[in-house]
Amino acid sequence: MAEKRIYLSSPTMHGEEQEFIKEAFDTNWVAPLGPNVNAFEKELADYAGIAHASALSSGTAAIHLALKILGIGEGDVVFVPSLTFSATCNPVVYEKAVPVFIDSEKDTWNMDPDALTRAFEKYPAPKAVIVVHLYGTPALLDEIMEICASHQVPLIEDAAESLSSTYKGRQTGTFGKIGIYSFNGNKIITTSGGGMLVAQEEEFTKKATFLATQARDPARHYQHSQIGYNYRMSNIVAGIGRGQLLHLEEHKALKKAIYSKYKEAFSDIPEIALNPLNKDGDANCWLTCMQIDPACGVTPDQVMDALDRENIECRPIWKPMHLQPVFEGYDFITAEGSIRDHGRKESASGEIFAQGLCLPSDIKNTDEDMERIIGIVRRCFGR
Ligand SMILES: *Cc1c(COP(=O)(O)O)cnc(C)c1O
């Protein structure tokens with residue numbers, strides 16, 4: 001193919017990362033502990049405005065440990081949004097707990113408070129609620145937190161996609177009992193792979209670090225009274241994270257500019273709507289997505305095919321969990337109640353999936369790259 005490849009969201013490195021790594025090599029801290037790990041925890045916690053952090057091998061590991069820390073086990077019900085990446089709910093199943101999927105609202109595409117209220121009517125005693133800030137847009141946190149508080153159920157915030165997004169001036173990830181971040185390869189900052197568990201209560205992050213390092217009791221001999229995991233972040237990886245964190249705000253500004261650019265470029269095409277941004281928040285715009293009016297006859301597949309043909313990476317919206325073969329056996333609640341009870345298949349999350357796609361949102365895209373992408377999309381709509 002003649003034209004260079006344009007990516008959806010690829011790592012953007014700066015240089016400081018290598019200095020922190022070099023220091024780790026020079027001092028031989030090539031281990032799942034060390035000064036970069038401690039410093040990255042402190043620097044990220046300071047950035048987010050939360051008291052404590054535990055650096056882990058992935059965001060998925062962080063969600064898993066959040067569930068362990070909150071005592072979630074076999075048969076416990078956990079409410080999770082349907083419209084998310086499977087990593088949000090896989091750890092629920094690792095623990096033999098029972099995910100109940102909650103539909104999205106249309107204002108932010110996140111967990112619908114009305115559906116959540118319905119879920120509590122059918123399952124009055126879940127052990128936790130996991131909220132996700134999809135594509136970096138904060139969920140309707142006030143409503144969701146109020147519902148959780150009134151039922152005294154802990155909220156876990158999967159902020160894997162929303163690091164640096166704020167809601168009413170406060171960082172996402174800091175509203176729940178426990179928050180988690182991811183530094184996987186395509187997230188807003190990356191360490192190649194990694195995650196962080198954050199909490200206001202030190203007891204939680206201490207427990208996370210303990211479980212992540214094989215749950216060794218404080219004894220000289222290797223003694224264990226609990227099952228542990230090998231989930232700690234390495235000192236090399238943490239060095240990348242420290243370097244990346246210095247550029248997080250800059251990445252956010254570039255991501256937001258990409259969203260604005262698309263918004264303006266498609267403003268004369270009423271068939272296209274971009275993913276909605278929470279009016280009470282400041283989203284990091286990790287990925288810009290678009291939703292196509294189904295009445296216009298253009299399908300997301302047509303747009304994705306047109307971009308694919310030009311060597312431009314794009315992807316569908318996350319396929320909702322309630323439509324996944326592996327989660328077929330679990331319940332799904334919309335604002336009308338359980339689809340098992342009312343039998344209707346329509347849902348906001350299903351609609352967003354069927355009508356949407358993620359546009360290339362790589363911060364290294366040049367103005368020319370953006371013009372190319374925009375031109376191809378516009379031609380799909382006869383513009
Ligand atoms: C990326 C992601 C995760 C998982 O993070 P990893 O670091 O890849 O394990 C969890 N939830 C959501 C919503 C994600 O996008």
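Asp112 caps the N-terminal end of helix 5, with a side-chain oxygen 2.9 Å from the backbone nitrogen of Asp114. Please keep in mind that this is a predicted model, in which local features need pLDDT of at least 70 and side-chain atom pairs count only at pLDDT 80 or more, while totals for chains, interfaces and linings use all residues. Residues are numbered from 1 along each chain as its sequence is written, and side-chain values use heavy atoms, with hydrogens and water left out.

Let us stay with helix 5 for a moment. Helices (H or I, at least four residues) and strands (E, at least two) are DSSP runs, numbered from the N terminus. Helix 5 spans residues 113-122, and its buried residues are Pro113, Ala115, Leu116, Ala119 and Phe120. Seen down the helix axis, these buried residues fall within an arc of 155°, so they line one face of helix 5. The arc is that of the directions from the helix axis to the C-beta atoms. An α-helix has 3.6 residues a turn, so residues three or four places apart point the same way. Buried here means under 20% relative accessible area, exposed over 50%, and partly exposed in between (1.4 Å probe, protein chains only). The exposed residues Asp114 and Glu121 sit on the face of helix 5 turned away from its buried side. And what covers that buried side? The cover of the buried residues includes strand 2, strand 3 (98-102), strand 4 (128-132), helix 6 (141-150) and strand 14 (332-334).

Now to the ligand. Of the 15 residues around the ligand (a heavy atom within 4 Å), Thr60, Glu161, Ser182, Asn184 and Lys187 come nearest.

| Residue | Distance to a ligand oxygen |
|---|---|
| Glu161 | 2.5 Å |
| Ser182 | 2.7 Å |
| Lys187 | 3.4 Å |

Taken alone the ligand exposes 380 Å², and the protein buries 95% of that; accessible areas come from the Shrake-Rupley method with a 1.4 Å probe, and for residues only the protein chains shown count as cover.

Lys168 is found between strand 6 (166-167) and strand 7 (170-171). Leaving aside neighbours within four places in sequence, Lys168 is in contact (heavy atoms within 4.5 Å) with Asp142, Asp280 and Gly281. The side chains of Lys168 and Asp142 make a polar contact at 2.3 Å.

Glu74 lies in the loop between helix 3 (59-69) and strand 2 (77-81) and is exposed, with a relative accessible area of 65%. Not counting residues up to four places away in sequence, Glu74 touches Glu95, Lys96 and Ala97. Ala295, in the loop between strand 12 (289-292) and helix 10 (300-309), counts as exposed at 72% relative accessibility.

Finally, how many disulfides are there? With a disulfide taken as a pair of cysteine sulfur atoms within 2.5 Å, the count comes to zero. For buried Cys289, at 0% relative accessibility, the closest cysteine sulfur is in Cys358, 3.8 Å away and too far for a bond. Cys314 is also buried, at 13%, and its sulfur is 8.5 Å from the closest cysteine sulfur, in Cys358, again too far for a bond.

Methods
A polar contact is a pair of N or O atoms within 3.5 Å; within protein, one must be able to donate a hydrogen and the other to accept it, and residues adjacent in sequence count only if both atoms are side-chain atoms.
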